[in-house]
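This briefing sets out the fold, the strand pairing, the aromatic contacts and some local features of the chain shown below. The points are grouped by topic.

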Amino acid sequence: MLKKVYNIIFIVLFMAIISLPLIKANWKSGVVSEDENRYLTDTPKLIENGRFNPDFTSDVESWFKDNMGFRKYLIDTNARLQYEVFGRMLNKSNYYIGRHGDFIYATDAMIADYAHLNLRSDERVAQIGQSYQTISDWLGDKGIKFYNVQCWDKHSIYPEQFMASVNQIGDTSKTDQVVNYIKNNTTVNEISLKEMLLDKKKSYEVYSHYGDPTHWTERGAYFGYQYIMEKINEDNHNMYNILSEDDYDITVEDKGITLNGFIHEKDMMETFTIRNPKAVKADKSLMGEFGEDERHSIWINKDAGNDTRLLLMCDSYINSFIVEDFAESFSEVWLVWGDYTKDLDKVIELYNPDIVIYECAERVDRSDAVVEFADKINKINENRIKRCKVGRHSFYTVFNSWSRLY
């Protein structure tokens, strides 16, 4: 009798287990999964367009995988177990767990960058390096000083934290190739922050362990600002003010990010807030045709002690961290995203800067745009030379004709 009761209980529990996911399933169409950022599979149809659906069985399977009851709970539980027991990240993003538990962000291209699997040919490196020289010379002819600033991703500053499953080949990346060429074969003011950050990481957290893995920390950003400004001051008789730590209110708070909705590790990091800012963010209507991009900005500082206009053609390493710091050092700061590299001539004509800082993150490869713009400059120069030659030829033709007559 007792055995019969157990069997009945087992059958009831079994039926409940296999039925509840179906009973609690999502039967609505057009539902979006916020965690996966996609539409879930719609309810399958046995009859489509008046005919039997030959894919009905597979459609049911796809629908059930997407819409079964308790799906999110099961996915989250599995992800939690994988992370806490096996140290694995299951979400389909580009986030990974590093060999010492750090949060790592790496696209396929960044993995290739780290492993040095995408090195450029010597010819391509020279083409890119000489393109920077062309741009620097073009700006120099206009009386504008040019600085090329190379920012680096976390894997270049903390390679020891990258995934153990990825091996590096050699010690030179494709970004190292270009930086080294510019330093050794051009007169471009190249400011690479790599060696400085590798040195500073001995004492400070310049990229976070569990915070935003796509950028430097605010401490690392401050070091970057300070280093760039020191290089600029070397060329300008130390005429620009550089903010010191005493110019900031520095607080410490947990900036660890949360992944998969539950993975959160504390990461106590510094926040730098300028104590008495003098620069004011101005109306973007002053930026003309480039003012419509929400990423762009203009800063005015009437108390900077100089009348220098700085153009920052950059990305989020500067825009999200230290544009306000630069604004404290210059009379005007104009920030335009690096995506507009091909329009640099228009930007220069509109804003008439005295200094241009061209900054690019390691993972943001704008070499094609740089080469294309340099080619544009070369074609303009070639056309100018041709016009001069034609002009001289016309002058001498007229002069010789006049000489023969008289």
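Two strands count as paired if DSSP finds at least two bridges between them; strands (E, at least two residues) and helices (H or I, at least four residues) are DSSP runs, numbered from the N terminus. On that basis, β15 and β17 run parallel and are joined by four bridges. The model is a predicted one, in which local features need pLDDT of at least 70 and side-chain atom pairs count only at pLDDT 80 or more, while totals for chains, interfaces and linings use all residues. Residues are numbered from 1 along each chain as its sequence is written, and side-chain values use heavy atoms, with hydrogens and water left out.

**Overall composition**

- The chain holds 13 helices and 17 strands.
- Of its 406 residues, 41% are buried, where buried means under 20% relative accessible area, exposed means over 50% and partly exposed lies in between (1.4 Å probe, protein chains only).
- Among contacts in the chain with a separation of 6 or more, 69% are between residues 24 or more positions apart; a contact means heavy atoms within 4.5 Å.

**The seven-stranded sheet**

- Seven strands make up an open sheet of mixed pairing, in the order β8-β7-β17-β15-β16-β14-β13.
- Its edge strands, β8 (189–192) and β13 (280–281), each pair on one side only.
- Strands β7 (residues 145–150) and β17 (residues 355–360) pair in the parallel sense over six bridges.
- Within this pairing, Tyr147 has Ile357 in β17 as its bridge partner, and Gln150 stands opposite Cys360 in β17.
- Another residue facing β17 is Leu310, which stands opposite Ile355.
- Strand β17 is largely enclosed by the rest of the structure, because six of its six residues are buried.
- In a regular strand, side chains alternate between the two faces of the sheet.
- In β17 both faces are covered: Ile355, Ile357 and Glu359 on one side, and Val356, Tyr358 and Cys360 on the other, are all buried.

**Helices against the sheet**

- Helix α7 (residues 174–185) lies across β7 and β8 and runs at about 145° to β8; axes are lines fitted to C-alpha atoms, for helices over the stretch in contact, and angles run from 0 to 180 degrees between N-to-C directions.
- Helix α12 (residues 344–351) packs on the sheet and touches β15 (309–314), β16 (332–337) and β17, its direction making about 155° with that of β15.

**Aromatic pairs and charges over rings**

- The whole structure contains 18 aromatic pairs; rings of Phe, Tyr and Trp (its six-membered ring) pair if their centres lie within 6.5 Å, and planes under 30 degrees apart count as stacked, over 60 as edge-to-face and the rest as tilted.
- One of these pairs is Tyr95 with Tyr105, edge-to-face at 5.4 Å centre to centre and 65° between the planes.
- That pair links strand β5 (residues 95–97), which holds Tyr95, to strand β6 (residues 103–105), which holds Tyr105, with the two residues 10 apart.
- Tyr95 counts as partly exposed because its relative accessibility is 21%.
- Tyr222 and Tyr248 form an edge-to-face pair, with 5.4 Å centre to centre and 80° between the planes.
- Tyr222 lies in helix α9 (residues 218–235) and Tyr248 in strand β9 (residues 248–254), so that this pair links distant parts of the chain, 26 residues apart.
- Tyr222 is buried at a relative accessible area of 3%, and Tyr248 is buried at 3%.
- Ring pairs join Tyr204, Tyr222, Phe223, Tyr225, Tyr248, Phe272 and Phe326 into a cluster.
- The charged end of Lys194 sits over the ring of Trp152, 4.7 Å from its centre; this description requires NZ of Lys or CZ of Arg within 6 Å of the ring centre and within 35 degrees of the ring normal.
- Over the ring of Tyr158 sits the charged end of Lys201, 4.8 Å from the ring centre.

**Loop residues**

- His237, in the loop between α9 and β9, has a positive phi near 55° although it is a residue other than glycine.
- His237 is exposed, with a relative accessible area of 75%.
- Asn238 is also found in the loop between α9 and β9; its phi is positive, about 55°, and it is not a glycine.
- Asn238 is exposed, with a relative accessible area of 58%.
- Ala282 lies in the loop between β13 and β14 (297–300) and, leaving aside neighbours within four places in sequence, is in contact with Ile298 and Ile300.
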